[in-house]
Number of protein chains: 6
Amino acid sequence: MRKVTFERNFSKHAEGSCLVKFGDTHVLCTASLEEKTPPWLRNTGKGWVTAEYGMLPRATGERMKREAAAGKQGGRTQEIQRLIGRSLRAVVDLQALGERQITLDCDVIQADGGTRTASITGGWIALYDCLKWMESRNMIKVDRVLKDHVAAISCGVFASQPVIDLDYLEDSSAETDANFVMTGAGGIVEIQGTAEGTPFTEEEFTSLMGLARNGIGELVALQKQAITG
Amino acid sequence: MRKVTFERNFSKHAEGSCLVKFGDTHVLCTASLEEKTPPWLRNTGKGWVTAEYGMLPRATGERMKREAAAGKQGGRTQEIQRLIGRSLRAVVDLQALGERQITLDCDVIQADGGTRTASITGGWIALYDCLKWMESRNMIKVDRVLKDHVAAISCGVFASQPVIDLDYLEDSSAETDANFVMTGAGGIVEIQGTAEGTPFTEEEFTSLMGLARNGIGELVALQKQAITG
Amino acid sequence: MRKVTFERNFSKHAEGSCLVKFGDTHVLCTASLEEKTPPWLRNTGKGWVTAEYGMLPRATGERMKREAAAGKQGGRTQEIQRLIGRSLRAVVDLQALGERQITLDCDVIQADGGTRTASITGGWIALYDCLKWMESRNMIKVDRVLKDHVAAISCGVFASQPVIDLDYLEDSSAETDANFVMTGAGGIVEIQGTAEGTPFTEEEFTSLMGLARNGIGELVALQKQAITG
Amino acid sequence: MRKVTFERNFSKHAEGSCLVKFGDTHVLCTASLEEKTPPWLRNTGKGWVTAEYGMLPRATGERMKREAAAGKQGGRTQEIQRLIGRSLRAVVDLQALGERQITLDCDVIQADGGTRTASITGGWIALYDCLKWMESRNMIKVDRVLKDHVAAISCGVFASQPVIDLDYLEDSSAETDANFVMTGAGGIVEIQGTAEGTPFTEEEFTSLMGLARNGIGELVALQKQAITG
Amino acid sequence: MRKVTFERNFSKHAEGSCLVKFGDTHVLCTASLEEKTPPWLRNTGKGWVTAEYGMLPRATGERMKREAAAGKQGGRTQEIQRLIGRSLRAVVDLQALGERQITLDCDVIQADGGTRTASITGGWIALYDCLKWMESRNMIKVDRVLKDHVAAISCGVFASQPVIDLDYLEDSSAETDANFVMTGAGGIVEIQGTAEGTPFTEEEFTSLMGLARNGIGELVALQKQAITG
Amino acid sequence: MRKVTFERNFSKHAEGSCLVKFGDTHVLCTASLEEKTPPWLRNTGKGWVTAEYGMLPRATGERMKREAAAGKQGGRTQEIQRLIGRSLRAVVDLQALGERQITLDCDVIQADGGTRTASITGGWIALYDCLKWMESRNMIKVDRVLKDHVAAISCGVFASQPVIDLDYLEDSSAETDANFVMTGAGGIVEIQGTAEGTPFTEEEFTSLMGLARNGIGELVALQKQAITG
């Protein structure tokens, strides 16, 4: 696993923020609180946690077209931001949050594989700090809203070996690629596995899940360190 | 598992087509051949298989806004059509296909849960018939292009019980929901598992995968029947 | 005139639905009831009937770009859906309908000429069944809301002969092409005549209108059969 | 019929231009020549004539949203510009035009009913002047490209009386509304008739067509005067 | 400076309107009153003045793509309409206007350089006439709402000479190009200076500002004539 | 003037990059080289330098809607990116660059006033480093392509005092606000001055220009330090 660091309070304005680095993958996660909910939750007493994801055009080896200039978010972007939102909601008690919305913006400053897993793992820190900000204003109790940690890691089969936390080069030529999202207690929140070429076996998949479980354990330990540090 | 049927040659115009029904979920899959490839494959000798997915506005219990009128495809639509495309490409030898593109259009005529898994399973039939059409014109050999069957099924934990092929009601209240895509040989192509509320355990996930393996075995048997029938 | 059939209750979910076939032209018409009106009718006591039209990408001989992916509905689509809406409103008492909206979705499953006339003719059946559904819930009286039948047919001059209900091949090479929409009582609701090459004479036009009148008479008879059958 | 005037060469830049007035309806028509054709005509030796239509936001009694700001052209706009294009192509020999495109822009400066018929009638003048411009550069012969005049008029039943060239007030409360496009020789190019409330009879329609024939005769006479004046 | 004329009440429908000509640059400015404000001003007692700008596709030497057809307003259009709005607001007391919005539509009928400065200068006349219309209905007092004149002119260095009111040819080859917006009292509202090639000096800029001051003085005198004439 | 710093080579992938800070305003500027030019420069031997600008949604005190999600870039964004592009082109010899395009992406990580002036000033560093990268590959000579430094600063009248480099609070309540772009040699490239409330006088403007000249002198000195450091 590459070196993982969290830089809290990276942003002056956001209620919570974190610059997360998984090696050369750097993602800025900010949590923004709004005193309103999506229409379908009005008058239910429940809140919402959602996410948006973006990449700076030159976060990658070749410059990509700016989505704002293209006039729409691509399918990959939408897929990732839906995943981040679901993953974080899995550890939030929306009733205890109350009728408010927290938006996690995960913007990739530099990409080298694993941007979605970094976004989830760093997004949790930004969310935590946003909730702390709210607690200090007597809006909520963090313990009642945030049920657990959540973190994510990619694993893959590369050169016939199971590997964890693939960088861009490994990811590009991996035979199999899977993303795992798990809680601090070890519960599984999301699994996404894709055979890039040859289909994979259940045994391969099980070994990837084992790797992921260990990796996510380490990430959760790092998150704990970060928020107490 | 609900009753599954395939109606081949549903469409007069398409090179291959299939109306697939998983219970009350009905999806029309057409395969359209074009003698061109996406730009990034030009002069590589390789072809491409892609998919587009749509729902008729009143395929569902409440009428949904027509995506053409809304001016864009939603995130869910894009996620599903990317999944269908990847799943079918997993069993196609793109080199043997040659510089051509086959587009699978999967349009949901009526929805009752499991539209993406029906699309993949029925899409394979449409793809097969398109390749047969090409073979009869001496363009390719089906055996060289199509490496295996591929089929998909959803499984979930509903009322604490693992269930297969969830309909809309089951899906809406399932605690956990996973889609599996596998080949005829039993290789895994895609796994997507999501905890809707409480995170799930590895044991639960393994039991869902077992269910899926059986179900996909049956689907592949039905596909074989359909193409020899 | 090609063989015309109506398959009522084709859709499990819609308040009214009909799969209409004019030969190889197959259109699925669904009627969806909503308890709201467009903004300009609020607090007038009046309701609204509107239509949306779409073609599956491979309904035609060559695959067309999906309008949802293109990001907008083309001019032809908008022209047709406006025509369907006007035609059906011509036989509806919007005051008797009350402040509700019925949306007719006409989706072409397979196209072989005359999709707009099939949509109007089949759309009337779906509308009728939707109103019946409402009547059975004591919301309205069908007799007060629906003033008459409405049906449509295309006529053209092909190979110097007036012909009715043109299929795609005839339509493509017709010298003149006209669509007629009439009520059960023989009133004219819409006329659209276009010279594709040479302008046409009033005599030619009158002979087309005569053909249309007979054809629409037959269509109305078939509608009557369908709703009593 | 309201007073109709043509002001040729209204625009300094366009190859042909005409400000046409039908009473208080004022439309600026410009014809722009480009040495290219749409993709489907390349290497056919044929040219193309097309039209675009727009309304200034305050051409009407109440300001309408600017279509450029709204991000798309409405259905009415598209319907009208397609009609203008078809009407003018009906009198053009596209082969004799050669591989070029002429675009007629019809922009409504002030609206008071009948903007589409004014656009067609004035558009013919702009097209004629553009062809004259080309003839003076030895690019074409006007006589070989332009086969006839074309002009258009609206007729309707208003207060139970057939009337010609409806202004906005008449149009808004007309029971029936029809637009006729005819050539100088009296050939019919387009007919569009719509019952706004009660369906109309064949007799009513025939009387409207008679009115239109006379009106278009007058318009063609005025066009002749204008181009010789 | 080219010949400048104002034709008031050019439009039958608008509350205020003016066709302004700066030589061959012709812009139609209409002022439309609406009894509503943008959301951020609700319940503040303040009104708003805003502007939209457009060019007819063939206002220029070569036909430009219609922005409504392109589906968006370009950067230049947005820049100009924001400038027009700011310039007019600089002389309006929004509190005295009350909770209403006046929209200035500036549509370029023919372009020959200086369309934005013509729009501001003619827009002031349309705004004045709109306010007069309101005063005649006892809605406001013009003297309290409209604090001063505002007018604009472009200056540039062309062939090493400072020139005022550049036409298209001068503008295209000017070394430096600056737009000045000033009030009747000589206050500066906006300055936009751009070096097209070589950067310019403060002295050059000062001489352009002197030219502009004189020119705007003349324009204000012409505005005064126009509204009393 | 706030503390200004440049962090070169901030990005692993871009040919040139710089994180520029003006106090709490932080902008990441990357320069991306492509071996192609816009269509209008093909076969002219000339290259192009362009810019795109964006703000992370929570760069500001209140979260702004993500432009990619909104489906278009706002008028302010377009205005700023056009300004950045023009400013940098003013010091580039496009002929000496050759048929290539350099795109400057200026993404605001954190905003506190003056993002456009920071973008220009930091963009020059990224551009310089990109050209150095090219020089080291013998593609160009930096001295022949880059004619001078360019930097920018905002000045305003705040609480009746001329101030330089306004932060967000000062900017929001400034009476007058002007942006100046100048070269290392003191040539003026762009001036944009706006009266937010009361119009300003020529004397005020001249004093702002004096302030700006000094400030830009300092910025150029800092740029020199940065590229030699």
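**View 1. Strand β6 (residues 150–158) of chain A and β7(A) run antiparallel and are joined by four bridges.** The model is predicted: local features need pLDDT of at least 70, side-chain atom pairs count only at pLDDT 80 or more, totals for chains, interfaces and linings use all residues, and side-chain values use heavy atoms, leaving out hydrogens and water. Residues are numbered from 1 along each chain as its sequence is written, while chains are lettered from A and ligands numbered from 1 in the order in which they are written. Strands (E, at least two residues) and helices (H or I, at least four) are DSSP runs, numbered from the N terminus. Val157(A) has Pro162(A) in β7(A) as its bridge partner.

**View 2. An open sheet of eight strands takes its members from chains A and B.** The order is β7(A)-β6(A)-β8(A)-β9(A)-β9(B)-β8(B)-β6(B)-β7(B), with antiparallel pairing; two strands pair if DSSP finds at least two bridges between them. At the edges are β7 (161–164) of chain A and β7 (161–164) of chain B, each of which pairs on one side only. On average, neighbouring strands of this sheet are turned by 15° against each other, direction ignored. Helix α7 (residues 202–228) of chain A lies across β6, β7, β8 (176–183) and β9 (188–195) of chain A, together with β9 (188–195) of chain B. This α7 runs at about 140° to β6(A) (axes are lines fitted to C-alpha atoms, for helices over the stretch in contact, and angles run from 0 to 180 degrees between N-to-C directions). Helix α7 (residues 202–228) of chain B lies across β6 (150–158), β7, β8 (176–183) and β9 of chain B, together with β9 of chain A. The helix of chain B runs at about 140° to β6(B).

**View 3. Five strands of chain C form an open sheet in the order β1-β2-β3-β5-β4, with mixed pairing.** The edge strands, each pairing on one side only, are β1 (4–8) and β4 (48–55) of chain C. Neighbouring strands are turned by 20° against each other on average, direction ignored. Helix α4 (residues 115–135) of chain C lies across β1, β2, β3, β4 and β5 of chain C and runs at about 35° to β3(C). α7(C) also packs on the sheet, where α7(C) touches β1 and β2 of chain C and makes about 30° with the direction of β1(C).

**View 4. Strand β3 (residues 25–34) of chain C pairs with β2(C) and is joined to β5(C).** Nine of the ten residues of β3(C) are buried (under 20% relative accessible area; exposed is over 50% and partly exposed in between, with a 1.4 Å probe and protein chains only). Strand β2 (residues 16–22) of chain C pairs with β3(C) in the antiparallel sense over seven bridges, and Ser17(C) stands opposite Thr30(C). The hairpin of β2(C) and β3(C) has two residues between the strands, and Gly23(C) takes a positive phi near 60° there. Strand β5 (residues 101–110) of chain C runs antiparallel to β3(C) and is joined to β3(C) by nine bridges. Leu28(C) has Asp107(C) in β5(C) as its bridge partner.

**View 5. Helix α7 (residues 202–228) of chain C has 27 residues.** At 1.5 Å a residue, α7(C) should span 39 Å, and its end C-alpha atoms are 39 Å apart, which agrees; the expected span is 1.5 Å times one less than the number of residues. Among the buried residues of α7(C) are Phe205(C), Leu208(C), Met209(C), Ala212(C), Ile216(C) and Leu219(C). An α-helix has 3.6 residues a turn, so residues three or four places apart point the same way.

**View 6. Chain D superposes on chain C by a rotation of 180° with 0.0 Å of shift along its axis.** The RMSD is 0.0 Å, with copies superposed by least squares on the C-alpha atoms of residues with pLDDT of at least 70 in both. The two copies are therefore related as by a two-fold rotation axis. Of the residues of chain D, Gln192(D) comes closest to this axis, at 2.3 Å (C-alpha).

**View 7. Arg63(A) touches residues of chain F.** Arg63(A) lies in the loop between β4 (48–55) and α1 (67–70) of chain A. Not counting residues up to four places away in sequence, Arg63(A) touches Pro57(A), Arg58(A), Ser32(F), Glu52(F), Thr103(F) and Asp105(F); contact means heavy atoms within 4.5 Å. The side chain of Arg63(A) makes polar contacts with the side chains of Glu52(F), at 3.1 Å, and Asp105(F), at 2.6 Å. A polar contact is a pair of N or O atoms within 3.5 Å; within protein, one must be able to donate a hydrogen and the other to accept it, and residues adjacent in sequence count only if both atoms are side-chain atoms.

**View 8. Asp165(E) is found in the loop between β7 (161–164) and α6 (168–173) of chain E.** Asp165(E) counts as buried because its relative accessibility is 2%. A polar atom of the Asp165(E) side chain lies 3.0 Å from the backbone nitrogen of Arg2(E). Not counting residues up to four places away in sequence, Asp165(E) touches Met1(E), Arg2(E), Phe22(E), Ile153(E), Ser154(E) and Glu170(E).
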